[in-house]
Amino acid sequence: MLNLLSVNWDNHIPNWRTAMEEVPFHILVLVIEGCVHYTVDGTDYVGEEGHFLFIPQGSSRSGQNARTGTHRKYTILFRTDPQLTSGIPFLDERRFIKFKISNFQYIAGRCGKLFEATRGGNRYRSIICTGIMQELLGMLAEELEKPELTPMKLLFARTIHDYLLSHYREPLQIAQIADLINRTPGYATHLFKEAYGLTPIKYMHDLRMAEARKLLLQSDMTVADIAFYLGYYDSSYFFKMFKKAVGMSPTAFSCAEQSL
């Protein structure tokens with residue numbers, strides 16, 4: 001049985017530090033930006049952007065900002081029934097892990113959704129949070145067991161990834177992406193999903209939604225302006241995509257964040 005305790009969002013906290021202690025719960029950490037330094041059972045680790053860390057219950061842990069400065073991260077605290085097995089090796093073995101995930105934007109979006117859900121008044125909040133947690137744990141376990149891609153496949157996947165990062169606001173044609181690696185559209189789509197866990201189209205929308213969330217909180221742009229800026233020339237379609245990704249409308253999201 002999974003018991004979610006809290007989801008925290010650390011956003012460039014000056015002098016962030018947590019004392020050495022034996023933690024009475026499991027901890028999942030996703031580093032969104034910057035670096036964070038942990039000492040776990042006497043070993044030092046640095047989590048960088050895109051790193052996921054699992055610190056098992058009973059570990060001796062301390063943490064602080066890295067020397068390079070502050071960071072942004074999600075921290076999820078939870079417990080499981082020690083008498084039951086989950087089928088997830090790192091969780092059942094209570095084994096520390098740190099690795100860089102491939103489908104970073106999607107995972108970051110799910111952590112953001114989990115953070116928002118824990119603060120909402122929805123009467124189905126518990127079911128929603130449990131579902132997201134199970135998805136995250138399952139995806140992490142799957143990621144750890146993925147066979148390594150060949151150097152050439154990894155190069156192709158990264159070529160597509162870098163293109164999407166630079167052009168996600170533009171209309172996306174799979175044929176154009178396939179031309180980048182001189183392969184068929186079907187091959188390019190399958191390869192990218194193999195490497196990053198989602199299709200190029202889905203990844204593009206995730207990048208747009210991550211930027212939309214930032215613009216809603218950190219700019220004076222209207223929702224219509226943001227939709228157009230991100231390549232959604234139909235505002236109603238942007239509303240639909242945002243609500244599907246975040247669980248609420250852009251306006252509701254902005255109001256909810258400002259009230260925290």
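Helices α2 and α3 are roughly antiparallel to each other, because the angle between their axes falls in the class over 145 degrees. The model is predicted: local features need pLDDT of at least 70, side-chain atom pairs count only at pLDDT 80 or more, and totals for chains, interfaces and linings use all residues. Residues are numbered from 1 along each chain as its sequence is written, and side-chain values use heavy atoms, with hydrogens and water left out.

**Exercise 1.** Describe how α2 and α3 pack.

Step 1. Helix α2 covers residues 104-118 and helix α3 residues 125-144; helices are DSSP runs (H or I, at least four residues), numbered from the N terminus.

Step 2. Their axes come within 10 Å and cross at roughly 155 degrees. Axes are lines fitted to C-alpha atoms over the stretch in contact, and angles run from 0 to 180 degrees between N-to-C directions.

Step 3. The crossing of α2 with α3 is left-handed (the near helix is turned anticlockwise from the far one by less than a right angle; clockwise would be right-handed).

Step 4. In contact (heavy atoms within 4.5 Å) are residues including Tyr-106 and Leu-114 of α2 and Ile-128 and Leu-136 of α3. The contact divides into eleven nonpolar, one polar and four charged residues. Ala, Val, Leu, Ile, Met, Phe, Trp, Tyr, Cys and Pro count as nonpolar, Asp, Glu, Lys and Arg as charged, and the others, Gly among them, as polar.

**Exercise 2.** Describe how α5 and α6 pack.

Step 1. Helix α5 (residues 174-181) meets helix α6 (residues 185-196) at an angle of about 80 degrees, and the axes are 8 Å apart.

Step 2. That angle makes α5 roughly perpendicular to α6 (65 to 115 degrees).

Step 3. Among the residues that make the contact are Ile-177 and Ile-181 of α5, and Tyr-187 and Leu-191 of α6. Nine are nonpolar, one is polar and none is charged.

**Exercise 3.** Which residues form an aromatic cluster, and which charges sit over rings?

Step 1. One aromatic cluster is formed by Tyr-232, Tyr-237, Phe-238, Phe-239, Phe-242 and Phe-253. The structure holds 15 aromatic pairs (ring centres of Phe, Tyr or the six-membered ring of Trp within 6.5 Å).

Step 2. Lys-73 lies over the face of Trp-16, 3.7 Å from the ring centre. The charged end of Arg-169 sits over the ring of Tyr-229, at 3.7 Å from its centre. The test is NZ of Lys or CZ of Arg within 6 Å of the ring centre and within 35 degrees of the ring normal.

How values were computed: Helix = DSSP H or I, 4+ residues; strand = E, 2+ residues; numbered from the N terminus. Parallel < 35°, antiparallel > 145°, perpendicular 65-115°, else oblique. Phe/Tyr/Trp six-rings, centres within 6.5 Å; stacked < 30°, edge-to-face > 60°.
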